Amino acid sequence: MWPYVVAVLLGLFLLRRWHRERQTVLRLSEKHVLITGCDSGFGNLLARQLDARGLRVLAACLTDTGAAQLRAATSNRLQTVLLDVTSSKSIADVTAWVRERVGDQGLWGLVNNAGIAIPTAPNEWLTKEDFVKVLDVNLVGLVEVTLSLLPLIRRARGRVVNVASVMGRVSFFGGGYCISKYGVEAFSDSLRLEMRKFGVKVCVIEPGYFKTMITNVENLEKNFHASWKKLPEEIRASYGESYLRQFAGTLKVLQKGYNSNLSLVTNCMEHALTSLHPRTRYSAGWDAKLLYLPLSYLPSAFTDALFGLFYPKPVG
């Protein structure tokens, strides 16, 4: 008897959630959305996707080339602006630019997508500056952009969509990337609680491994070798040349699991911006749902043993 009751209740719960998530926000064509990191990858695809749906996209790019290419591929509704999220002046200038365009209605959506992964390597191979370079873009820049635009978002009772990662749930490689994504999760959680009474929703996107510039194997391998060359002889002797070769080789193994369907991520972003009842968190990709998310709830001893299988053995 009880199994049937549980099955019926679960079915009703899923049906209700499906119905709620299909309800969309009204008058989307009047709403402005600012997306950072639109030169390539998720940001670029999302800008084109939202433009095709009729939203007023404000696409922030790092380069003139990226901005020009995006404008050529979209409608005249989409507007581009140059933004360096590590520069307070650039953020202030873009905030003023956005304010002019959204007027009294405010900014409906902010998608904090800009991010980098390099430098990354075993922690001992890196310097403080290596960590700071990544944290300035992925975390500190994200926080400053959000705080700068928050009054406009509150005015619209809109959305903040922060791009974290499965590496904000489990961390198994060194450098600032995983640290920054854990930070994005924490910032999003506190901001979500603070903004509830203002009618602002804060969502987190947690992609698995997708084929983007961040996961480009050639760039990551060059980065490993550059970090290795800067190391003191004592540290290099402790790890050994074979460690470097095997560590770089692990990338090629991981590359086979990269997902090239970026729309799995941008569809989550679009839902977070357009659904009347967005989710708090979106896990994008089957590896995120079936591997990394479950692993994040397991004992550290288990995950250490699993991830340790991919680590080479040092000489010393």
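Predicted model: local features only at pLDDT ≥ 70, side-chain atom pairs only at ≥ 80, totals over all residues.
Residues are numbered from 1 along each chain as its sequence is written, and side-chain values use heavy atoms, with hydrogens and water left out.

**Thr-74.** I placed Thr-74 in the loop between helix 3 (64-72) and strand 3 (79-82) (helices, H or I with at least four residues, and strands, E with at least two, are DSSP runs numbered from the N terminus). A polar atom of the Thr-74 side chain lies 2.8 Å from the backbone oxygen of Leu-70.

**Helix 5.** I then followed helix 5, residues 128-156, which has 29 residues and reaches 39 Å from its first C-alpha to its last, close to the 42 Å expected at 1.5 Å a residue (the expected span being 1.5 Å times one less than the number of residues). At Leu-150 the helix bends by about 50°, and a proline, Pro-151, follows within four residues; the bend is the angle between axes fitted to the seven residues ending at a residue and the seven starting there. Just after helix 5 I found Arg-157, with a positive phi of about 50°, in the loop that leads from helix 5 to strand 5 (159-163).

**Other backbone entries.** Arg-27, which is not a glycine, also has a positive phi, of about 55°. I located Arg-27 in the loop between helix 1 (2-21) and strand 1 (32-35), and Arg-27 is exposed because its relative accessible area is 55%. Ile-118 and Pro-119 are joined by a cis peptide bond with omega of about 10°, and Pro-119 belongs to the loop between strand 4 (109-112) and helix 5.

**Surface patch.** Which residues form a nonpolar patch on the surface? I listed Val-253, Leu-309, Phe-310 and Tyr-311, with about 420 Å² of accessible area together (Shrake-Rupley method, 1.4 Å probe, only the protein chains shown counting as cover for residues). Patches are made of residues with over 30% relative accessible area and no salt bridge, nonpolar side chains (Val, Leu, Ile, Met, Phe, Trp, Tyr) being joined within 5 Å and like charges within 9 Å; a salt bridge is a side-chain nitrogen of Lys or Arg within 4 Å of a carboxyl oxygen of Asp or Glu. Val-253 is found in helix 9 (residues 241-255) and counts as partly exposed because its relative accessibility is 48%.

Key
Buried < 20%, exposed > 50% of the residue type's maximum accessible area, 1.4 Å probe, protein only. Polar contact = N/O pair within 3.5 Å; in protein donor to acceptor, adjacent residues only side chain to side chain.
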